[in-house]
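User: I'm new to this one and would like to be walked through it a piece at a time. Could you take my questions as they come?

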Amino acid sequence: MVVTVRSLGLNGISGYEVAVECFLSGGLPAFDVVGLPDAAVREARERVRSAVKSSGIKFPVSRITVNLAPASQRKEGTVYDLPILLGILRASEELPELPEDAAFLGELSLGGSLRRVSGVLPMALCAARLGIRTLYVPDENAAEATLADGITVYGVENIGQLLRHLKGEEAIAPAPKWQITPVDRPLPDFSDVMGQENVKRALEVAAAGGHNALLIGSPGSGKSMLARRLPSILPDMTREESLQTTEIYSVAGMTQADHPLVTERPFRTPHHTASPVSLSGGGAVPRPGEISLAHNGVLFLDELPEFDKSALETLRQPLEDGVVTITRAAGSLTLPSRFMLICAMNPCRCGWYAHPDRRCTCSEAQVQHYMRRISGPLLDRIDMHITVPSVDYEAMRRREAAESSAQVRKRVNAAREIQKKRYAGTEVTCNAYMTPAMIGAYCALDDKGEKLMKGAFDRLGLTGRSHDRILRMARTIADLEGSEQIEAIHLAEAIQYRSNNLLK
(Lines give C-alpha, C1' and ligand atoms only; values in the text may rest on other atoms or scores of the structure.)
Protein backbone atom coordinates (compact mmCIF):
# COMPACT_ATOMS: atom_id res chain seq x y z
CA MET A 1 0.00 0.00 0.00
CA VAL A 2 1.29 3.46 -0.94
CA VAL A 3 0.60 6.16 1.64
CA THR A 4 0.97 9.87 0.86
CA VAL A 5 1.58 12.43 3.62
CA ARG A 6 1.47 16.13 2.79
CA SER A 7 4.46 18.22 3.80
CA LEU A 8 6.24 21.39 2.70
CA GLY A 9 9.65 22.46 1.51
CA LEU A 10 11.62 25.61 0.78
CA ASN A 11 13.01 27.09 -2.40
CA GLY A 12 14.90 30.17 -1.27
CA ILE A 13 12.32 31.93 0.90
CA SER A 14 9.29 30.50 -0.90
CA GLY A 15 7.44 27.42 0.29
CA TYR A 16 6.15 24.63 -1.94
CA GLU A 17 4.22 21.41 -1.31
CA VAL A 18 6.06 18.11 -0.95
CA ALA A 19 4.21 14.79 -1.12
CA VAL A 20 5.94 12.17 1.05
CA GLU A 21 5.06 8.79 -0.49
CA CYS A 22 5.76 5.67 1.56
CA PHE A 23 5.64 2.09 0.23
CA LEU A 24 6.20 -1.09 2.23
CA SER A 25 6.97 -4.24 0.25
CA GLY A 26 8.35 -7.73 0.75
CA GLY A 27 11.97 -8.67 0.46
CA LEU A 28 15.04 -8.09 2.55
CA PRO A 29 14.63 -5.25 5.08
CA ALA A 30 15.83 -1.93 3.66
CA PHE A 31 15.04 1.76 4.00
CA ASP A 32 15.53 3.94 0.91
CA VAL A 33 14.74 7.65 0.48
CA VAL A 34 14.53 8.95 -3.10
CA GLY A 35 13.48 12.25 -4.70
CA LEU A 36 16.78 14.19 -4.71
CA PRO A 37 17.39 14.17 -0.92
CA ASP A 38 20.46 15.86 0.54
CA ALA A 39 22.57 14.29 3.30
CA ALA A 40 20.31 15.61 6.09
CA VAL A 41 17.23 14.07 4.45
CA ARG A 42 18.96 10.72 3.89
CA GLU A 43 19.98 10.63 7.55
CA ALA A 44 16.28 10.85 8.45
CA ARG A 45 16.24 7.04 8.14
CA GLU A 46 18.19 6.59 11.37
CA ARG A 47 16.33 9.34 13.24
CA VAL A 48 12.96 7.89 12.22
CA ARG A 49 13.94 4.33 13.13
CA SER A 50 15.23 5.36 16.54
CA ALA A 51 12.26 7.65 17.27
CA VAL A 52 9.74 4.89 16.45
CA LYS A 53 11.45 2.39 18.72
CA SER A 54 11.93 4.94 21.52
CA SER A 55 8.17 5.65 21.40
CA GLY A 56 7.41 2.00 22.13
CA ILE A 57 6.18 1.18 18.60
CA LYS A 58 7.35 -1.79 16.57
CA PHE A 59 9.30 -0.71 13.51
CA PRO A 60 8.12 -2.65 10.40
CA VAL A 61 10.49 -5.35 9.19
CA SER A 62 10.11 -4.90 5.42
CA ARG A 63 11.50 -3.05 2.46
CA ILE A 64 10.63 0.64 2.91
CA THR A 65 10.75 3.08 0.01
CA VAL A 66 10.10 6.78 0.58
CA ASN A 67 9.71 9.15 -2.36
CA LEU A 68 9.71 12.94 -1.93
CA ALA A 69 7.72 14.46 -4.77
CA PRO A 70 8.25 16.44 -6.90
CA ALA A 71 11.33 14.33 -7.50
CA SER A 72 12.90 16.99 -9.74
CA GLN A 73 13.26 19.47 -6.83
CA ARG A 74 16.20 19.00 -4.47
CA LYS A 75 15.07 18.42 -0.85
CA GLU A 76 17.13 19.87 1.98
CA GLY A 77 17.03 19.91 5.76
CA THR A 78 15.33 17.90 8.47
CA VAL A 79 11.70 19.01 8.05
CA TYR A 80 10.70 15.70 6.44
CA ASP A 81 11.46 13.51 9.49
CA LEU A 82 7.92 13.73 10.85
CA PRO A 83 5.99 13.06 7.61
CA ILE A 84 8.29 10.13 6.79
CA LEU A 85 7.61 8.58 10.20
CA LEU A 86 3.84 9.06 9.87
CA GLY A 87 3.87 7.61 6.36
CA ILE A 88 5.65 4.47 7.53
CA LEU A 89 3.31 4.00 10.50
CA ARG A 90 0.26 4.53 8.32
CA ALA A 91 1.56 2.08 5.68
CA SER A 92 2.09 -0.53 8.42
CA GLU A 93 -1.45 0.20 9.70
CA GLU A 94 -0.27 1.49 13.05
CA LEU A 95 -2.25 4.69 12.40
CA PRO A 96 -5.72 5.51 11.07
CA GLU A 97 -6.05 7.45 7.82
CA LEU A 98 -4.56 10.94 8.03
CA PRO A 99 -6.66 14.06 7.27
CA GLU A 100 -6.39 15.14 3.64
CA ASP A 101 -6.19 18.84 4.49
CA ALA A 102 -3.36 18.41 7.03
CA ALA A 103 0.39 18.84 6.52
CA PHE A 104 3.24 17.78 8.79
CA LEU A 105 6.81 18.95 9.23
CA GLY A 106 9.47 18.72 11.92
CA GLU A 107 12.82 17.26 12.93
CA LEU A 108 12.94 14.20 15.20
CA SER A 109 15.30 13.49 18.04
CA LEU A 110 16.41 9.92 18.66
CA GLY A 111 14.10 9.87 21.68
CA GLY A 112 11.00 10.83 19.69
CA SER A 113 10.66 14.50 20.60
CA LEU A 114 10.34 17.21 17.93
CA ARG A 115 12.99 19.85 17.44
CA ARG A 116 12.70 23.35 16.05
CA VAL A 117 13.30 23.81 12.30
CA SER A 118 13.97 26.84 10.09
CA GLY A 119 11.69 28.38 7.49
CA VAL A 120 8.35 27.60 9.14
CA LEU A 121 6.68 30.94 8.31
CA PRO A 122 7.13 30.80 4.50
CA MET A 123 6.00 27.15 4.58
CA ALA A 124 2.93 28.06 6.68
CA LEU A 125 2.05 30.89 4.29
CA CYS A 126 2.39 28.45 1.38
CA ALA A 127 0.13 25.95 3.19
CA ALA A 128 -2.57 28.61 3.55
CA ARG A 129 -2.36 29.38 -0.18
CA LEU A 130 -2.64 25.67 -1.06
CA GLY A 131 -5.81 25.21 0.98
CA ILE A 132 -4.18 23.22 3.77
CA ARG A 133 -6.25 23.89 6.86
CA THR A 134 -4.24 22.08 9.56
CA LEU A 135 -0.51 22.25 10.12
CA TYR A 136 1.47 20.14 12.61
CA VAL A 137 4.83 21.61 13.58
CA PRO A 138 7.32 21.32 16.48
CA ASP A 139 6.01 23.08 19.58
CA GLU A 140 8.80 25.68 19.43
CA ASN A 141 7.69 26.68 15.91
CA ALA A 142 3.97 26.90 16.67
CA ALA A 143 3.87 30.63 17.47
CA GLU A 144 5.68 31.44 14.22
CA ALA A 145 3.33 29.26 12.16
CA THR A 146 0.26 31.02 13.57
CA LEU A 147 1.37 34.24 11.80
CA ALA A 148 -0.13 32.71 8.64
CA ASP A 149 -3.87 33.37 8.42
CA GLY A 150 -6.41 30.69 7.59
CA ILE A 151 -4.78 27.60 9.12
CA THR A 152 -5.04 25.81 12.45
CA VAL A 153 -1.64 25.09 13.95
CA TYR A 154 -0.84 22.27 16.35
CA GLY A 155 2.42 22.42 18.28
CA VAL A 156 3.74 18.90 18.85
CA GLU A 157 6.19 18.07 21.63
CA ASN A 158 6.81 14.39 20.89
CA ILE A 159 5.67 11.47 18.76
CA GLY A 160 3.62 9.80 21.49
CA GLN A 161 1.53 12.96 21.95
CA LEU A 162 0.88 13.24 18.20
CA LEU A 163 -0.07 9.57 17.78
CA ARG A 164 -2.60 9.78 20.61
CA HIS A 165 -4.07 12.88 18.96
CA LEU A 166 -4.36 11.24 15.55
CA LYS A 167 -5.96 8.14 17.07
CA GLY A 168 -8.51 10.31 18.87
CA GLU A 169 -7.33 9.28 22.33
CA GLU A 170 -5.99 12.64 23.61
CA ALA A 171 -6.49 15.81 21.59
CA ILE A 172 -3.81 18.45 21.29
CA ALA A 173 -5.07 21.98 21.85
CA PRO A 174 -4.54 24.26 18.80
CA ALA A 175 -1.82 26.84 19.24
CA PRO A 176 -3.30 30.29 20.03
CA LYS A 177 -2.76 33.02 17.47
CA TRP A 178 0.42 34.86 18.42
CA GLN A 179 -0.22 38.45 19.40
CA ILE A 180 2.30 41.26 19.37
CA THR A 181 3.41 42.09 22.88
CA PRO A 182 5.38 45.23 23.75
CA VAL A 183 9.09 44.48 24.07
CA ASP A 184 11.22 46.98 25.96
CA ARG A 185 14.35 47.23 23.83
CA PRO A 186 15.64 50.78 24.27
CA LEU A 187 17.54 52.05 21.24
CA PRO A 188 20.41 54.56 21.31
CA ASP A 189 18.84 58.03 21.19
CA PHE A 190 19.65 61.08 19.09
CA SER A 191 19.64 63.18 22.24
CA ASP A 192 22.98 61.54 23.15
CA VAL A 193 24.66 63.34 20.24
CA MET A 194 26.01 66.81 21.00
CA GLY A 195 25.99 69.19 18.08
CA GLN A 196 25.89 67.84 14.48
CA GLU A 197 22.43 69.34 13.90
CA ASN A 198 22.91 69.42 10.12
CA VAL A 199 23.80 65.72 10.03
CA LYS A 200 20.82 64.86 12.24
CA ARG A 201 18.60 66.75 9.82
CA ALA A 202 20.09 64.83 6.89
CA LEU A 203 19.44 61.48 8.60
CA GLU A 204 15.88 62.58 9.35
CA VAL A 205 15.36 63.19 5.63
CA ALA A 206 16.97 59.83 4.83
CA ALA A 207 14.69 58.01 7.28
CA ALA A 208 11.56 59.79 6.05
CA GLY A 209 12.14 58.91 2.39
CA GLY A 210 14.22 55.70 2.61
CA HIS A 211 17.25 57.38 1.03
CA ASN A 212 20.83 56.06 1.01
CA ALA A 213 23.47 58.18 2.73
CA LEU A 214 27.26 58.41 2.99
CA LEU A 215 28.79 60.09 6.07
CA ILE A 216 32.30 61.51 5.55
CA GLY A 217 34.29 62.88 8.47
CA SER A 218 37.44 62.62 10.51
CA PRO A 219 37.85 60.07 13.34
CA GLY A 220 35.74 60.91 16.40
CA SER A 221 33.37 63.25 14.60
CA GLY A 222 30.43 60.97 15.41
CA LYS A 223 29.74 59.15 12.12
CA SER A 224 29.20 55.71 13.65
CA MET A 225 27.44 57.15 16.67
CA LEU A 226 24.92 58.93 14.45
CA ALA A 227 24.41 55.94 12.16
CA ARG A 228 23.75 53.58 15.07
CA ARG A 229 21.02 55.93 16.30
CA LEU A 230 19.24 55.88 12.96
CA PRO A 231 17.01 52.89 13.92
CA SER A 232 15.46 55.01 16.68
CA ILE A 233 13.92 57.39 14.12
CA LEU A 234 12.96 54.91 11.39
CA PRO A 235 9.22 54.70 10.63
CA ASP A 236 7.08 51.94 12.11
CA MET A 237 6.89 48.72 10.11
CA THR A 238 3.64 47.73 8.45
CA ARG A 239 2.23 44.23 8.90
CA GLU A 240 3.22 43.34 5.34
CA GLU A 241 6.79 44.57 5.84
CA SER A 242 7.07 42.61 9.10
CA LEU A 243 5.96 39.39 7.41
CA GLN A 244 8.35 39.90 4.48
CA THR A 245 11.30 40.43 6.80
CA THR A 246 10.29 37.59 9.11
CA GLU A 247 10.20 35.15 6.17
CA ILE A 248 13.86 35.92 5.47
CA TYR A 249 14.85 35.63 9.12
CA SER A 250 12.88 32.39 9.43
CA VAL A 251 14.79 30.79 6.56
CA ALA A 252 18.05 31.99 8.11
CA GLY A 253 17.03 30.44 11.45
CA MET A 254 17.12 33.80 13.23
CA THR A 255 13.57 34.11 14.57
CA GLN A 256 12.79 33.83 18.28
CA ALA A 257 10.35 31.24 19.63
CA ASP A 258 8.74 33.70 22.06
CA HIS A 259 8.67 36.67 19.65
CA PRO A 260 8.63 35.24 16.10
CA LEU A 261 7.55 38.37 14.20
CA VAL A 262 10.19 40.96 13.29
CA THR A 263 8.59 44.23 14.36
CA GLU A 264 11.66 46.49 14.37
CA ARG A 265 13.45 47.43 11.18
CA PRO A 266 16.69 45.44 10.81
CA PHE A 267 20.02 47.18 11.29
CA ARG A 268 22.81 45.04 9.84
CA THR A 269 26.46 46.01 10.34
CA PRO A 270 28.79 43.57 8.56
CA HIS A 271 32.53 43.88 9.20
CA HIS A 272 34.67 45.35 6.43
CA THR A 273 36.25 41.92 5.86
CA ALA A 274 32.86 40.59 4.63
CA SER A 275 33.05 38.60 1.39
CA PRO A 276 30.81 39.14 -1.66
CA VAL A 277 28.89 35.96 -0.78
CA SER A 278 28.25 37.05 2.81
CA LEU A 279 26.83 40.35 1.53
CA SER A 280 24.76 39.18 -1.44
CA GLY A 281 23.98 35.66 -0.24
CA GLY A 282 24.78 32.31 -1.79
CA GLY A 283 26.96 29.37 -0.84
CA ALA A 284 26.73 25.72 -1.94
CA VAL A 285 23.11 25.85 -0.79
CA PRO A 286 22.02 29.47 -1.54
CA ARG A 287 21.07 31.36 1.60
CA PRO A 288 20.19 35.02 2.33
CA GLY A 289 23.11 37.42 2.73
CA GLU A 290 23.39 40.68 4.64
CA ILE A 291 21.56 42.72 2.01
CA SER A 292 18.53 40.42 2.29
CA LEU A 293 18.70 40.33 6.09
CA ALA A 294 18.56 44.15 5.91
CA HIS A 295 15.34 44.05 3.82
CA ASN A 296 12.99 46.86 4.95
CA GLY A 297 15.75 48.12 7.22
CA VAL A 298 19.30 49.48 7.16
CA LEU A 299 22.61 48.09 5.93
CA PHE A 300 25.39 50.05 7.65
CA LEU A 301 28.89 49.79 6.16
CA ASP A 302 31.44 51.42 8.44
CA GLU A 303 34.89 52.21 7.01
CA LEU A 304 33.49 51.91 3.49
CA PRO A 305 36.80 52.11 1.54
CA GLU A 306 38.18 49.17 3.55
CA PHE A 307 35.59 46.77 2.10
CA ASP A 308 36.64 44.49 -0.72
CA LYS A 309 35.90 46.19 -4.04
CA SER A 310 34.15 43.15 -5.52
CA ALA A 311 31.96 42.93 -2.39
CA LEU A 312 30.90 46.58 -2.75
CA GLU A 313 30.10 46.17 -6.44
CA THR A 314 27.58 43.43 -5.60
CA LEU A 315 25.43 46.18 -4.05
CA ARG A 316 24.87 48.06 -7.29
CA GLN A 317 22.13 45.94 -8.82
CA PRO A 318 20.17 45.34 -5.56
CA LEU A 319 20.19 49.10 -4.84
CA GLU A 320 18.43 49.67 -8.17
CA ASP A 321 16.10 46.66 -8.34
CA GLY A 322 15.34 45.85 -4.69
CA VAL A 323 16.10 42.17 -5.30
CA VAL A 324 19.21 40.03 -5.68
CA THR A 325 19.34 36.96 -7.92
CA ILE A 326 21.80 34.25 -6.89
CA THR A 327 22.76 31.61 -9.44
CA ARG A 328 24.73 28.57 -8.34
CA ALA A 329 25.18 25.00 -9.52
CA ALA A 330 22.56 23.93 -6.95
CA GLY A 331 20.01 26.32 -8.45
CA SER A 332 18.96 29.93 -8.83
CA LEU A 333 16.84 32.00 -6.48
CA THR A 334 15.75 35.62 -6.16
CA LEU A 335 15.72 37.24 -2.72
CA PRO A 336 14.21 40.60 -1.69
CA SER A 337 16.79 43.24 -0.76
CA ARG A 338 15.08 46.61 -0.43
CA PHE A 339 17.23 48.38 2.15
CA MET A 340 18.65 51.77 3.12
CA LEU A 341 22.40 51.86 2.57
CA ILE A 342 24.16 53.96 5.20
CA CYS A 343 27.94 54.23 4.89
CA ALA A 344 30.68 55.95 6.87
CA MET A 345 34.23 56.75 5.87
CA ASN A 346 37.22 58.95 6.65
CA PRO A 347 38.22 61.62 4.10
CA CYS A 348 41.67 60.08 3.62
CA ARG A 349 43.94 57.25 4.76
CA CYS A 350 45.14 59.01 7.91
CA GLY A 351 41.64 60.37 8.50
CA TRP A 352 42.42 64.05 9.05
CA TYR A 353 42.15 65.63 5.61
CA ALA A 354 40.51 69.10 5.78
CA HIS A 355 40.57 68.98 9.60
CA PRO A 356 40.89 72.47 11.17
CA ASP A 357 44.15 71.65 12.96
CA ARG A 358 45.77 70.57 9.65
CA ARG A 359 47.25 67.39 11.05
CA CYS A 360 46.72 65.42 7.80
CA THR A 361 49.89 63.84 6.40
CA CYS A 362 48.40 62.71 3.07
CA SER A 363 49.23 64.28 -0.27
CA GLU A 364 46.47 65.28 -2.70
CA ALA A 365 47.30 62.26 -4.84
CA GLN A 366 46.95 59.95 -1.80
CA VAL A 367 43.60 61.51 -0.90
CA GLN A 368 42.32 61.01 -4.45
CA HIS A 369 43.60 57.42 -4.50
CA TYR A 370 41.79 56.71 -1.23
CA MET A 371 38.55 58.17 -2.55
CA ARG A 372 38.83 56.15 -5.77
CA ARG A 373 38.43 52.95 -3.76
CA ILE A 374 34.71 53.61 -4.06
CA SER A 375 33.53 53.38 -7.65
CA GLY A 376 31.63 56.19 -9.32
CA PRO A 377 28.61 53.98 -10.15
CA LEU A 378 28.22 53.02 -6.48
CA LEU A 379 28.56 56.63 -5.31
CA ASP A 380 25.96 57.68 -7.87
CA ARG A 381 23.48 55.29 -6.26
CA ILE A 382 23.96 56.90 -2.83
CA ASP A 383 21.52 59.80 -2.57
CA MET A 384 23.19 61.85 0.15
CA HIS A 385 26.90 62.68 0.55
CA ILE A 386 27.10 64.29 3.98
CA THR A 387 30.13 65.92 5.56
CA VAL A 388 30.34 65.28 9.31
CA PRO A 389 32.46 68.09 10.82
CA SER A 390 34.50 67.73 13.98
CA VAL A 391 32.58 68.68 17.11
CA ASP A 392 33.80 71.84 18.84
CA TYR A 393 34.31 72.13 22.58
CA GLU A 394 31.30 74.39 23.15
CA ALA A 395 28.94 71.82 21.60
CA MET A 396 30.39 69.06 23.78
CA ARG A 397 29.83 71.09 26.95
CA ARG A 398 26.35 72.32 26.03
CA ARG A 399 23.90 71.53 28.82
CA GLU A 400 20.54 72.01 27.15
CA ALA A 401 18.90 68.75 26.13
CA ALA A 402 19.09 67.88 22.42
CA GLU A 403 15.97 66.81 20.51
CA SER A 404 15.05 63.20 21.28
CA SER A 405 14.57 60.43 18.74
CA ALA A 406 10.89 60.17 19.69
CA GLN A 407 10.27 63.73 18.52
CA VAL A 408 12.08 63.16 15.25
CA ARG A 409 10.28 59.87 14.68
CA LYS A 410 6.88 61.57 14.88
CA ARG A 411 7.82 63.75 11.92
CA VAL A 412 9.23 60.78 10.03
CA ASN A 413 6.05 58.74 10.58
CA ALA A 414 3.90 61.68 9.46
CA ALA A 415 5.93 62.00 6.24
CA ARG A 416 5.68 58.25 5.60
CA GLU A 417 1.91 58.38 6.02
CA ILE A 418 1.75 60.99 3.27
CA GLN A 419 3.80 58.70 1.05
CA LYS A 420 1.64 55.63 1.80
CA LYS A 421 -1.47 57.51 0.69
CA ARG A 422 0.29 58.87 -2.38
CA TYR A 423 1.48 55.44 -3.56
CA ALA A 424 -1.51 53.40 -2.38
CA GLY A 425 -2.21 50.50 -4.73
CA THR A 426 1.37 50.32 -6.04
CA GLU A 427 4.48 48.43 -4.91
CA VAL A 428 6.22 51.71 -4.06
CA THR A 429 6.34 52.36 -0.31
CA CYS A 430 8.43 55.53 -0.04
CA ASN A 431 9.92 58.33 -2.12
CA ALA A 432 13.29 56.64 -2.65
CA TYR A 433 11.64 53.98 -4.82
CA MET A 434 9.61 56.30 -7.07
CA THR A 435 9.53 55.23 -10.71
CA PRO A 436 10.43 57.74 -13.47
CA ALA A 437 6.73 58.17 -14.22
CA MET A 438 6.04 58.98 -10.57
CA ILE A 439 8.89 61.50 -10.52
CA GLY A 440 7.25 63.26 -13.43
CA ALA A 441 3.89 63.26 -11.67
CA TYR A 442 4.87 64.16 -8.10
CA CYS A 443 8.12 66.14 -8.45
CA ALA A 444 7.07 69.02 -10.70
CA LEU A 445 9.15 72.19 -10.28
CA ASP A 446 8.15 75.81 -10.75
CA ASP A 447 10.23 78.23 -12.84
CA LYS A 448 12.49 79.11 -9.91
CA GLY A 449 13.03 75.44 -9.14
CA GLU A 450 13.79 74.63 -12.78
CA LYS A 451 16.42 77.37 -12.92
CA LEU A 452 17.98 76.15 -9.67
CA MET A 453 18.01 72.52 -10.86
CA LYS A 454 19.61 73.40 -14.21
CA GLY A 455 22.36 75.38 -12.48
CA ALA A 456 23.11 72.48 -10.14
CA PHE A 457 23.08 69.98 -13.00
CA ASP A 458 25.71 71.92 -14.94
CA ARG A 459 27.81 72.99 -11.94
CA LEU A 460 27.94 69.57 -10.20
CA GLY A 461 28.10 67.47 -13.36
CA LEU A 462 25.06 65.44 -12.35
CA THR A 463 24.00 62.26 -14.12
CA GLY A 464 20.43 61.34 -15.00
CA ARG A 465 20.33 59.06 -11.97
CA SER A 466 21.63 61.71 -9.53
CA HIS A 467 19.18 64.23 -11.02
CA ASP A 468 16.28 61.89 -10.19
CA ARG A 469 17.64 61.17 -6.72
CA ILE A 470 17.77 64.89 -5.94
CA LEU A 471 14.13 65.24 -6.97
CA ARG A 472 13.17 62.29 -4.76
CA MET A 473 14.96 63.90 -1.81
CA ALA A 474 13.26 67.22 -2.50
CA ARG A 475 9.90 65.43 -2.48
CA THR A 476 10.75 63.94 0.94
CA ILE A 477 11.78 67.33 2.34
CA ALA A 478 8.50 68.80 1.11
CA ASP A 479 6.61 65.93 2.77
CA LEU A 480 8.37 66.62 6.07
CA GLU A 481 7.21 70.21 5.78
CA GLY A 482 3.69 69.14 4.81
CA SER A 483 3.97 70.92 1.46
CA GLU A 484 2.00 69.77 -1.60
CA GLN A 485 4.50 71.34 -4.00
CA ILE A 486 8.29 71.17 -4.09
CA GLU A 487 9.48 74.70 -3.34
CA ALA A 488 12.89 76.11 -4.25
CA ILE A 489 13.99 75.91 -0.60
CA HIS A 490 13.24 72.18 -0.55
CA LEU A 491 15.18 71.64 -3.76
CA ALA A 492 18.12 73.69 -2.50
CA GLU A 493 18.40 71.55 0.61
CA ALA A 494 18.31 68.38 -1.51
CA ILE A 495 21.03 69.70 -3.82
CA GLN A 496 23.39 70.52 -0.97
CA TYR A 497 23.24 66.87 0.12
CA ARG A 498 24.94 66.02 -3.23
CA SER A 499 27.55 68.78 -3.11
CA ASN A 500 30.43 67.20 -1.18
CA ASN A 501 33.72 68.66 -2.41
CA LEU A 502 35.72 65.58 -1.44
CA LEU A 503 33.90 63.40 -3.97
CA LYS A 504 34.40 65.65 -7.01
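This is a predicted model: local features need pLDDT of at least 70, side-chain atom pairs count only at pLDDT 80 or more; totals for chains, interfaces and linings use all residues.

User: Where is Ser218 found?

Analyst: Ser218 lies in the loop that runs between strand β10, residues 213-216, and helix α8, residues 223-228.

User: And what does Ser218 touch, leaving out residues up to four places away in sequence?

Analyst: With those left out, Ser218 is in contact with Lys223, Asn346, Pro347, Gly351, Trp352, His355, Val388 and Ser390.

User: How far apart are Ser218 and Pro188?

Analyst: In sequence they are separated by 30 residues, while in space their C-alpha atoms are 22 Å apart.

User: Switching topic, in what order do the strands of the open sheet come?

Analyst: The open sheet has three strands, arranged as β5-β8-β9 with parallel pairing. Its edge strands are β5 (102-104) and β9 (152-156), each of which pairs on one side only, and from one strand to the next the twist averages 20 degrees.

User: How many bridges join β5 to β8?

Analyst: Three bridges link β5 to β8, which covers residues 134-138, and these two strands run parallel. Ala102 stands opposite Thr134 in β8.

User: Which helix packs on the sheet?

Analyst: That is helix α6, residues 159-166, which touches β5, β8 and β9, and whose direction makes about 135 degrees with that of β9.

Methods: Residues are numbered from 1 along each chain as its sequence is written. Side-chain values use heavy atoms; hydrogens and water are left out. Two strands pair if DSSP finds at least two bridges between them. Helices (H or I, at least four residues) and strands (E, at least two) are DSSP runs, numbered from the N terminus. Axes are lines fitted to C-alpha atoms, for helices over the stretch in contact, and angles run from 0 to 180 degrees between N-to-C directions. Contact means heavy atoms within 4.5 Å.
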